Amino acid sequence: VTLVPPGIDVWESQVGDLNELNDVGGYYREELDGTPFPFYYDFLNDDFITLPGTGYVSGVNNHREAVGGNDDGGLYWSTPQATPIPLPPLQAGDSTVGKDINDAGIIAGVSGVSAVVWIVDGATISQPIAHGTRTRHPDSKAYRLTDLENGSLVVGGKSSRNEQIDPKNPD
């Protein structure tokens with residue numbers, strides 16, 4: 001299935017994430033190498049929504065919240081119609097990107113070279129929380145969040161270091 005906005009000639013469309021409601025987030029471009037426009041597809045209502053701003057969606061949750069980014073950094077949309085809120089960096093000058101968001105409003109992503117999480121509380125986004133000092137190196141990324149039944153949170157991603165980190169003592 002190709003998701004494209006109705007009535008627009010689209011060069012490219014890409015899905016970033018799918019939630020449990022079968023809603024989809026992603027981006028489309030009208031021209032080769034053109035500006036990406038973020039979208040949210042509401043499966044239940046068969047509604048294709050171009051989100052405010054430019055960029056892409058890489059994560060959606062079951063509350064219609066979305067995360068992603070653009071050339072200026074990471075973004076959070078509280079609803080498909082909401083103006084995106086920039087994700088703050090760990091350090092001034094760091095670029096950010098949101099990769100995933102769970103139903104509790106925890107965002108996994110990257111700030112500079114660190115895998116981080118942000119916590120959404122109403123209209124406020126926390127400062128990023130780094131995943132220990134060993135992940136602050138090139139190509140560290142936090143991609144996906146998994147909520148376990150016991151209330152624990154698992155953050156999946158990748159690291160460019162070839163070493164094992166003790167999960168009970170990550171620093």
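What we are looking at is a predicted model, in which local features need pLDDT of at least 70 and side-chain atom pairs count only at pLDDT 80 or more, whereas totals for chains, interfaces and linings use all residues. Residues are numbered from 1 along each chain as its sequence is written, and side-chain values use heavy atoms, with hydrogens and water left out.

Strands here are DSSP runs of E with at least two residues, numbered from the N terminus, and two of them pair if DSSP finds at least two bridges between them. Strand E5, residues 56-60, pairs with E6 in the antiparallel sense over 4 bridges, and in their hairpin, which has 5 residues between the strands, Arg 64 takes a positive phi near 70 degrees. On to the next pair: E6 and strand E7, residues 73-77, are antiparallel over 5 bridges, with a hairpin of 2 residues joining them and Ala 66 standing opposite Trp 77.

The open sheet has 4 strands in the order E5-E6-E7-E8, with antiparallel pairing. E5 and E8 (85-86) stand at the edges, each with a single partner strand, so one side of each is left without a neighbour in the sheet.

Why is E6 largely enclosed by the rest of the structure? Because 4 of the 5 residues of this strand, which spans 66-70, are buried, meaning under 20% relative accessible area with a 1.4 Å probe, protein chains only.

Finally, Val 67 and Tyr 76 are among the 9 residues of the largest nonpolar core, a set of buried Ala, Val, Leu, Ile, Met, Phe, Trp, Tyr and Cys residues joined through side-chain atoms within 4.5 Å.

Terms used. Buried means under 20% relative accessible area, exposed over 50%, partly exposed in between (1.4 Å probe, protein chains only).
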